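Work through the exercises below with the model open. Each task is followed by a worked solution.

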Amino acid sequence: MRVDQLTTPALLVDLDRLDANISTMGAAWPGARLRPHVKAFKSTELARRLAQHGHRGFCCATVREMEGMAAAGLGDDLLLANEVLDTARLGALVEAGARVTVAVDSSPTIDAAAAGGVREVLIDVNVGLPRCGCSPDDAGRLADEARAAGLAVRGVMGYEGHLVGLEDRAAREAGVAEAMALLATAHDAVGGEVVSGGGTGTWDSNRWITELQAGSYLLMDTAYGRLGLPFEPALTLAATVISVNRPGGWGVADVGLKALGMDHGNPSIVDRPRAKVWFCSDEHLTFGLKDAGEVDVGSRIRVQPAHVDPTVAYHERLQVVRGDEVVDTWAVDLRGW
Ligand SMILES: Cc1ncc(COP(=O)(O)O)c(C=O)c1O
């Protein structure tokens, strides 16, 4: 099938660009040094491709992602890099033979892990992002508590999410050094061999961790595109122009905010780089016609999202393409909770 025969909006993955991104990252972070985050793509088919390249440990953000990965035979070493209280479902995965590690940052999350049948944890440390993670000086106490509850403590994690998107490279690097000093202090108190953290934006500046948790690098988005990273934009949406208002000077395509993660801003029309996106509404993208070139009702356009993770989560499938040919279809099978 050809891309222009797909029902729109359709989520497209450029296979050659995806493979280039896998290779670029894999050269710097080979094998188990990389723990790709499945939250960015939510597809066991894509995860399988990473496993074929030697990355067999994964990060997940939800219990559903953990379950789907284990069911797909990708449960060698799954880290739920997030706090969770409904741990019985994780215990069931352990019983079924998956290796499950969960992030904990408090007594209730430690108790829940032990009660649910989880056997291994990482102490999640706050390194500057106001989200999950204990204070660095509380990490040792929590590790002792976890061990007393019968849990194996593999080490620490600390995600510097407040830094990964900084466009100023020097500021990003200085921030990472500071954040990772906090994580190192916590690690001294906790012990264990794992120091997990990092993301796409800090892939080459975070030298303190034992494993990198990046995910966006595989498909990329326009927000990360601004950082000048060596990863190629592999994700676009095919859309159809459904209305043209020549006197008003605008066109409308059938890709709105129900098909696009918008928290990092408007998407870009990549095959008409001078076209200005005005706004998105539920089912519509409105753009200025002035610099858009020849556009008619029925024209196909290609749009790149500003934020990959929520965009993928809106879709049931990824159409895998080479040029204009659709060569495969991968289910986005890790959605939901
Ligand atoms: C805990 C955690 N680790 C790592 C990442 C890295 O993701 P990215 O590759 O998008 O920078 C994220 C993204 O939100 C995250 O939440």
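**Exercise 1. Overall fold**

How many helices and strands does the secondary structure of the protein come to?

*Solution.* This is a predicted model. Start with the counts: the protein has nine helices and 16 strands. Next, take the radius of gyration, which is 21 Å. The globule rule gives 20 Å for 337 residues. The two values are close, so the protein is as compact as a globular protein of that length. Finally, take the extent of the C-alpha trace: along its principal axes it spans about 70 × 45 × 35 Å.

**Exercise 2. Polar contacts and cover**

Which side chains place a polar atom 2.6 Å from the ligand?

*Solution.* Apply the cut-off for a polar contact, an N or O pair within 3.5 Å. Take Gln213: a polar atom of its side chain is 2.6 Å from a nitrogen atom of the ligand. Take Tyr224: its polar side-chain atom lies 2.6 Å from a ligand oxygen atom. Take Lys39: an N or O atom in its side chain is 2.9 Å from an oxygen atom of the ligand. Now the cover. On its own, the ligand has 390 Å² of accessible area, and the protein covers 92% of this.

**Exercise 3. Backbone checks**

*Solution.* Check omega: the bond from Thr8 to Pro9 is cis, with omega near 0 degrees. Locate Pro9: it belongs to the segment before strand S1 (10–14). Check phi: Lys42 has a positive value of about 50 degrees, although Lys42 is not a glycine. Locate Lys42: it lies in the loop between helix H1 (15–28) and helix H2 (44–52).

Definitions and conventions. Residues are numbered from 1 along each chain as its sequence is written. This is a predicted model: local features need pLDDT of at least 70, side-chain atom pairs count only at pLDDT 80 or more; totals for chains, interfaces and linings use all residues. Side-chain values use heavy atoms; hydrogens and water are left out. A polar contact is a pair of N or O atoms within 3.5 Å; within protein, one must be able to donate a hydrogen and the other to accept it, and residues adjacent in sequence count only if both atoms are side-chain atoms. Accessible areas come from the Shrake-Rupley method with a 1.4 Å probe; for residues, only the protein chains shown count as cover. Helices (H or I, at least four residues) and strands (E, at least two) are DSSP runs, numbered from the N terminus. The radius of gyration is taken over C-alpha atoms; the globule rule is 2.2 Å times the number of residues to the power 0.38.
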